[in-house]
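Have a look at the fold before reading on.

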Amino acid sequence: MTTAGTTVLITGASAGLGAAFARGFAAKGCDLVLVARDKERLEDVAGQLGREYGTVCEVLPADLLDPGDCAAVAERLADRSRPVDMLVNNAGFGLPAPFPYSPVQDEERMLDLLVKVPLRLTHAVLPGLRERRRGAVLNVSSVAGLLPTGTYGAAKAWITAFSESLRVDMEPYGVRVLAVVPGFTRTEFQERAGMDVSALRDAVWLEPEAVVARALKDLALRRPVSITGRRYRAYALAARHLPRTFVARRMARTRRAPADQAG
């Protein structure tokens, strides 16, 4: 699955988990198609991987919330003359305030990027994977999707359920599907979302390289879901058994309304 000559397309590849996935696949000799909005950062990542691993990197700058750019990435995935063997749906962002206090336009943009874009890109790559009877789709979800944690969590719950269902549909064709479900990971995600995570202990944080290593191992083992770390695997186990109403109330305490709107 992850051998020399395999081509992997990764969204959100300029930083964070996307860049870590790029490094992980490059270390295994894969060729890469790197997708993100920031062309300069993508070229930096591609240059580093080329120097360190001799990786062939195709840079494909795209704002996936722009219909034309998203269509261009879908066309690249569907191109039979330059087959993509693996897709990593990683691009995403979060919002700092709970749903009632976020502009609905921001909520719609987040939902589009976390749900609509992976749906479309996965639909574009699957015909080729089925035809060749090999390949994989990795969808980056979150432990936020295991419990009632706002609209971000709801979108991530969708991507996990989508992945598990798609895995069953694609199994007869030899195509693997994996939901990658990380916890708090040391990336730019929280800062970009304007989240205050200063109260979190060091023990809860994961390194992106550890998430990628676990994901690639679970992909090889044909597992449906990849969760890094004993703490988060225990969290996932508890999430299956705790009463949903109890959990929803506890989770609501962590999602505070902005001070100027909470009155």
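## Ser141

Ser141 is buried, at a relative accessible area of 2% (buried means under 20%, exposed over 50%, partly exposed in between, using a 1.4 Å probe and protein chains only). This is a predicted model, where local features need pLDDT of at least 70 and side-chain atom pairs count only at pLDDT 80 or more, while totals for chains, interfaces and linings use all residues. Residues are numbered from 1 along each chain as its sequence is written, and side-chain values use heavy atoms, with hydrogens and water left out.

You'll find Ser141 in the loop between strand E5 (136-140) and helix H5 (150-170); helices (H or I, at least four residues) and strands (E, at least two) are DSSP runs numbered from the N terminus. Its side chain makes a polar contact with the side chain of Thr160 at 2.6 Å (a pair of N or O atoms within 3.5 Å; within protein, one must be able to donate a hydrogen and the other to accept it, and residues adjacent in sequence count only if both atoms are side-chain atoms).

## Asp85

Asp85 sits in the loop between helix H3 (67-78) and E4, and is buried too, with a relative accessible area of 6%. Its side chain reaches the backbone nitrogen of Thr7 at 2.8 Å and makes a polar contact with the side chain of Arg134 at 2.9 Å.

## The sheet

Seven strands form an open sheet in the order E3-E2-E1-E4-E5-E6-E7, with parallel pairing (two strands pair if DSSP finds at least two bridges between them). Its edge strands are E3 (57-61) and E7 (225-226), each pairing on one side only.
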